[in-house]
Amino acid sequence: MAVFEVHRGTSPVILGFPHTGTDVPAPIWERLNDNGRILADTDWHIHELYEGLLPGATTVRATFHRYVIDANRDPEGVSLYPGQNTTGLVPETDFDGVSIWKDGEAPTGADIATRLRDFHAPYHAALAAEIERVKAIHGVAVLYDCHSIRSHIPFLFEGKLPDFNIGTDMGKTCAAEIEKATAKIAASAEGYTSILNGRFKGGWTTRHYGRPETGVHAIQMELAQSTHLATEAPPFALDPAKAERLRTHLKAILKRIETMAFALKLTGSEA
């Protein structure tokens with residue numbers, strides 16, 4: 001199986017999709033229990049939601065499921081949120097804290113090392129190559145990492161998650177202009193809620209690649225799945241009307257980020 005898909009564009013903006021894949025190799029699928037086989041923690045339909053919103057954008061998408069290995073986790077297994085409930089590099093449970101593996105079939109250290117080599121590393125090699133290619137063309141690159149999650153998950157956070165969850169690791173991963181512009185559009189979207197660096201401050205991808213001082217900026221958008229799914233439960237179907245309404249605001253965000261990227265190129269601003 002191809003573990004990633006790349007579509008090269010001409011814009012300074014790159015869209016990353018680490019969690020929309022649903023491919024699970026047969027030997028791994030056999031080890032998942034019935035709960036794991038629901039694949040509940042997929043970022044359902046996110047690559048479809050963003051399709052065509054910024055025609056010149058490059059896209060890099062992992063095709064494997066996060067239960068194989070999580071492409072948005074530190075390869076060393078270090079937690080992004082120490083002291084808080086979360087899932088690891090190869091999750092042992094779903095987002096509700098319920099086991100996803102058959103008894104005795106949880107991945108071993110050797111399994112994790114193999115999956116790092118065969119899935120995690122190739123995806124990030126492809127993503128890094130596209131960042132370098134885009135930066136070579138424009139002198140600047142902006143990685144916009146695309147995510148979604150159920151709006152209610154007590155194991156991970158209290159209450160209902162805001163609709164737009166913007167993460168920049170407290171402003172460290174991108175220029176202030178990009179962060180402010182994104183937050184402003186999200187905050188002004190009628191009928192939606194938003195937060196900047198709330199429960200989700202940007203995953204490993206955003207924190208690893210976001211180096212504004214080098215001309216590489218990164219920002220994560222975590223969307224509550226209530227904004228675009230018919231129901232946040234199987235079969236996790238896309239609601240076309242919800243999606244079209246949301247796409248208007250996502251398009252505005254991406255276009256603004258692209259404009260900001262060109263402005264940073266022209267001014268030579270790095271922070």
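Tutor: A search of the whole structure, which is a predicted model, turns up 0 disulfides. Cysteine 146 is in no disulfide, and the nearest cysteine sulfur, that of cysteine 174, is 14 Å away. The cut-off for a disulfide is a pair of sulfur atoms within 2.5 Å. Both side chains are shielded: cysteine 146 counts as buried at 0% relative accessibility, and cysteine 174 is buried with a relative accessible area of 4%.

Next, the backbone. Most residues other than glycine have a negative phi, and most peptide bonds are trans. Two residues and one peptide bond are worth noting against that background. Aspartate 169 has a phi near 50°, a positive value in a residue other than glycine. Its place is the loop between strand E5 (164-167) and helix H4 (176-188), and aspartate 169 is buried, with a relative accessible area of 16%. Asparagine 197 also has a positive phi, near 55°, and is likewise not glycine. Asparagine 197 lies in the loop between strand E6 (194-196) and helix H5 (204-209), where it is buried at a relative accessible area of 10%. The peptide bond is the one from proline 234 to proline 235, which is cis, with omega near 10°. Proline 235 is placed in the loop between E7 and H6.

The structure holds 6 aromatic pairs. One of them joins tryptophan 44 and phenylalanine 236, which are stacked with 4.8 Å centre to centre and 10° between the planes. Tryptophan 44 lies in the loop between helix H1 (26-29) and helix H2 (46-50), and phenylalanine 236 in the loop between strand E7 (216-224) and helix H6 (240-267), so the pair ties together parts that are 192 residues apart in sequence. Tryptophan 44 and phenylalanine 236 are both buried. Elsewhere, Phe17, Tyr50 and Tyr144 form one aromatic cluster. A further ring contact involves a charge: the charged end of arginine 199 sits over the ring of phenylalanine 200, 5.0 Å from its centre.

The loop between H1 and H2 also holds threonine 42. At 2% relative accessibility, threonine 42 counts as buried. Threonine 42 and histidine 65 are 23 residues apart in sequence, and their C-alpha atoms are 7.2 Å apart in space.

Threonine 42 leads on to the cavity. The structure holds 1 cavity of 30 Å³ or more, and the largest cavity has a volume of about 40 Å³. Its lining includes Ala40, Asp41, Thr42 and Asp43, along with Phe95, Ser148, Ile149, Arg150, Ile153 and Gln225. By class, that lining has 4 nonpolar, 3 polar and 3 charged residues.

Note on methods. Residues are numbered from 1 along each chain as its sequence is written. This is a predicted model: local features need pLDDT of at least 70, side-chain atom pairs count only at pLDDT 80 or more; totals for chains, interfaces and linings use all residues. Side-chain values use heavy atoms; hydrogens and water are left out. Rings of Phe, Tyr and Trp (its six-membered ring) pair if their centres lie within 6.5 Å; planes under 30 degrees apart count as stacked, over 60 as edge-to-face and the rest as tilted. Helices (H or I, at least four residues) and strands (E, at least two) are DSSP runs, numbered from the N terminus. Buried means under 20% relative accessible area, exposed over 50%, partly exposed in between (1.4 Å probe, protein chains only). A charge sits over a ring if NZ of Lys or CZ of Arg is within 6 Å of the ring centre and within 35 degrees of the ring normal. On a 1 Å grid over the protein atoms alone, a cavity is a set of points where a 1.4 Å probe fits but cannot get out, and a pocket is an open set with protein on both sides within 12 Å along at least five of seven lines; lining residues have an atom within 4 Å of a point. Grid points are joined across faces, edges and corners, and a volume is the space filled by probe spheres set on the points. Ala, Val, Leu, Ile, Met, Phe, Trp, Tyr, Cys and Pro count as nonpolar, Asp, Glu, Lys and Arg as charged, and the others, Gly among them, as polar.
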